[in-house]
Amino acid sequence: MPKPGPISAKPLSVLLSDVFSDAYARQGFAARELVTRWTEIAGPEIAVHAEPLKIQWPRPVEGQPQEPATLVLRVDGPMALEIQHGSDVILQRVNRFFGWNAVGRLALRQAPLARRKTPKAPAAPDAKAVAEVAKTLTSIEDEELRAALARLGASIKRN
């Protein structure tokens, strides 16, 4: 009897990729990266208070150039005015991400955000562990570089 081959399990993200792509496409997102990388695109100070809901593309008119889309953002109620004030910055960042003038205006919807857990910043390494690693870095002359490498080494050892 032949031996069964190795089991090749596929990641869930691969299996559900088409499902998610269809859901994002229904909301006008050509790619899901605008939603999944929103914090990187808009910046953490904006992403805390706003998230993209959908992109509304205007119907093309024959013989006319394509008009830019409208990005609809869900915004925390009290921050809507501040987000509206910074809309030019948001539009620049989004268009820089796309690489062309894809979005021409923002529409804001005041509603509670779907809160995502934000990762906590790791704690500083223990001073004793940093001192132990620093003992091994005697060949490095620059004091600041030696201290930075000692902290890095202690953090790596901790994890």
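These legends accompany several close-up views of one predicted model. Local features need pLDDT of at least 70 and side-chain atom pairs count only at pLDDT 80 or more, while totals for chains, interfaces and linings use all residues. Residues are numbered from 1 along each chain as its sequence is written, and side-chain values use heavy atoms, with hydrogens and water left out.

**View 1. An open sheet of three strands.** The strands (E in DSSP, runs of at least two residues, numbered from the N terminus) follow the order E1-E2-E3 with mixed pairing, where two strands pair if DSSP finds at least two bridges between them. Strand E1 (50-56) and strand E3 (103-110) stand at the edges with a single partner strand each, so one side of each is left without a neighbour in the sheet.

**View 2. The pairing of E1 with E2.** Strand E2 (residues 69-75) and E1 pair in the antiparallel sense over six bridges, and Ala50 stands opposite Val75 in E2.

**View 3. The largest nonpolar core.** Such a core is a set of buried Ala, Val, Leu, Ile, Met, Phe, Trp, Tyr and Cys residues joined through side-chain atoms within 4.5 Å, buried being under 20% relative accessible area with a 1.4 Å probe and protein chains only. Of its 20 residues, Trp38, Leu71, Leu73, Ile90 and Val94 touch the most other members. The largest share, four residues, comes from E2.

How values were computed: Buried means under 20% relative accessible area, exposed over 50%, partly exposed in between (1.4 Å probe, protein chains only).
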